[in-house]
Amino acid sequence: MGSNLFGVMYGDSSSESPHVLTFHSTAKWNAHYDAFKETDKLMVIDFTASWCGPCKLMDPIIQEFAAKYTDVEFVKIDVDELMEVSQEFQVQAMPTFILIKRGKVADKVVGVRKEELQRLIEQHRK
C-alpha cells in the first residue's frame, strides 16, 4: 500500500505506521538522534521486544498517539536488535517509553500506562 522512510512496503493489515520511525542500526539511530538534539521537538522512544506481550498491547496506542500528536516524533527500538541503545538509556523492562527534549531525558514511563504516557506527552510537547 504505502512505504515508510526506509522504503519497506506495508499492506493495509500491517500495524506499522508512517508516523513511527523504526531503527535497525545503531549508527543510523545515533546520526538521527544527534541531529534531533538540535531541535525543540519532543521525541518519544518506545523500547520494545518482539516477544513482549505488554509491548503488543501498547502498539495500537503508540500508532494512535503518533497520528494525533504530529508535532512529536515517535521512534520504536527493539531492545534485542539495538542492545547498546537500550543500555545507554538504562532500559530494564518492556515496554519503556522515554521522552526526550533537547537531547535530555525529560520523562520515562514503564509498562502499559496509556493515560500517564498521554499526560506526559501533552506536558512536554509544548
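Student: Why is T48 called buried?

Tutor: Buried means under 20% relative accessible area, exposed means over 50%, and partly exposed is in between (1.4 Å probe, protein chains only). T48 has a relative accessible area of 9%, so T48 is buried. Keep in mind that this is a predicted model: local features need pLDDT of at least 70, side-chain atom pairs count only at pLDDT 80 or more, and totals for chains, interfaces and linings use all residues. Residues are numbered from 1 along each chain as its sequence is written, and side-chain values use heavy atoms, with hydrogens and water left out.

Student: Where is T48, and which residues is T48 in contact with?

Tutor: T48 sits in strand 4. Strands (E, at least two residues) and helices (H or I, at least four) are DSSP runs, numbered from the N terminus. Contact means heavy atoms within 4.5 Å. If you leave aside neighbours within four places in sequence, T48 touches C55, K76, I77, D78, V79 and M94.

Student: What joins M94 to P95?

Tutor: A cis peptide bond, with omega at about -5°. P95 belongs to the loop between helix 3 and strand 6. Q90 is found in that loop too, and its phi is near 55°, a positive value in a residue other than glycine.

Student: Let's turn to the rings. Why are W29 and Y33 called stacked?

Tutor: A search of the whole structure finds 6 aromatic pairs. Their ring centres are 5.1 Å apart and their planes are at 20°, so the pair of W29 and Y33 is stacked. The rule is that rings of Phe, Tyr and Trp (its six-membered ring) pair if their centres lie within 6.5 Å; planes under 30 degrees apart count as stacked, over 60 as edge-to-face and the rest as tilted.

Student: How do you know that W29 and Y33 are separated by about one helical turn?

Tutor: W29 and Y33 are 4 residues apart in helix 1 (residues 26-36), so about one helical turn separates them. W29 counts as buried because its relative accessibility is 0%, and Y33 counts as buried because its value is 6%.

Student: How do you know that the buried residues of helix 4 are on the same side?

Tutor: The buried residues of helix 4 (residues 114-124) are L117, Q118, L120, I121 and H124. Their arc around the axis is only 165°, so they lie on the same side of helix 4. That arc is taken from the directions from the helix axis to the C-beta atoms. Among the elements covering them are helix 2 (53-68) and strand 7 (104-110).

Student: What makes the reach of helix 2 close to the one expected?

Tutor: Helix 2 has 16 residues and reaches 24 Å from its first C-alpha to its last, close to the expected 22 Å. The expected span is 1.5 Å times one less than the number of residues.

Student: Where is the kink in helix 2?

Tutor: At D59, shortly before the proline P60, and the kink is about 30°. The bend at a residue is the angle between axes fitted to the seven residues ending there and the seven starting there. D59 is also one of the buried residues of helix 2, which include I62, Q63 and A66.

Student: What makes V20 buried?

Tutor: V20 has a relative accessible area of 5%, under the 20% limit, so V20 is buried. V20 is in strand 3, and its contacts beyond four places in sequence include I62, Q63 and A66.
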